[in-house]
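Here are my notes for you to read alongside the structure.

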Amino acid sequence: MDRLRQLRRAKDAMDRDWADPDLDLDAIAAHAGYSRHHFLRAFKEVYGETPGRYLSRRRIERAEDMLRAADLSVTEICMLVGFSSVGTFSSTFKRQTGLTPSEYRTRHVGRGAALIPGCYAMLWAGGFPARGSRDAGEAGGAPDRSRDSPDGSRNSEEAG
């Protein structure tokens with residue numbers, strides 16, 4: 001039972017942190033308290049696929065959602081779902097779905113609600129890069145934080 005709990009902890013980490021490009025086999029194995037090679041064998045034995053294949057599948061599923069729902073480029077989606085290479089993302093996507101990301105979008109967009117504007121999708125996915133030079137340069141004083149949320153992040157007024 002303890003073995004299953006450890007493997008489940010690692011699987012939960014993949015389900016939670018799927019967008020983290022630094023989430024690799026070593027990091028996942030550490031969540032389970034296993035060595036890399038022992039974890040690989042144990043995970044495949046229990047779940048029927050390797051941890052790498054499971055994580056890629058989860059990332060591609062998220063990419064499918066974004067391609068259908070958000071007005072973001074394929075490159076932006078690639079980065080948001082945790083791939084660091086558009087080529088790897090596209091080949092993995094095609095292997096799993098049978099279509100390239102662009103073909104998938106063409107086939108599936110327009111069958112539901114309007115696309116979510118990219119600025120909102122990016123904000124939801126973690127926000128925009130800090131724009132320190134803009135804030136610090138205003139009126140020569142401290143940055144205007146009147147529209148910041150309590151945790152210091154920008155709100156949706158500035159997303160557009």
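**The aromatic cluster and its setting**

1. Start with the rings: Y34, F39, F43, Y47 and Y54 are linked by ring pairs into a cluster. Keep in mind as you look that this is a predicted model. Searching the whole structure turns up seven aromatic pairs.

2. One of those pairs is F39 with F43, and it is tilted, with 5.6 Å from centre to centre and 50° between the planes. If you wonder about the two numbers, a pair of aromatic rings is described by the distance of the centres and the angle of the planes.

3. How far apart are F39 and F43 along helix 3? They sit four residues apart in that helix (residues 36-47), so about one helical turn separates them.

4. Now the overall layout. The chain has nine helices and two strands, and along the sequence they run α-α-α-α-β-α-α-α-β-α-α.

5. A few totals to finish. The chain has 160 residues, and 31% of them count as buried. It exposes about 9600 Å², with carbon and sulfur atoms supplying 52% of that area. Taking contacts between residues at least 6 apart in sequence, 58% join residues at least 24 apart.

Definitions and conventions:
Residues are numbered from 1 along each chain as its sequence is written. This is a predicted model: local features need pLDDT of at least 70, side-chain atom pairs count only at pLDDT 80 or more; totals for chains, interfaces and linings use all residues. Side-chain values use heavy atoms; hydrogens and water are left out. Buried means under 20% relative accessible area, exposed over 50%, partly exposed in between (1.4 Å probe, protein chains only). Contact means heavy atoms within 4.5 Å. Accessible areas come from the Shrake-Rupley method with a 1.4 Å probe; for residues, only the protein chains shown count as cover. Rings of Phe, Tyr and Trp (its six-membered ring) pair if their centres lie within 6.5 Å; planes under 30 degrees apart count as stacked, over 60 as edge-to-face and the rest as tilted.
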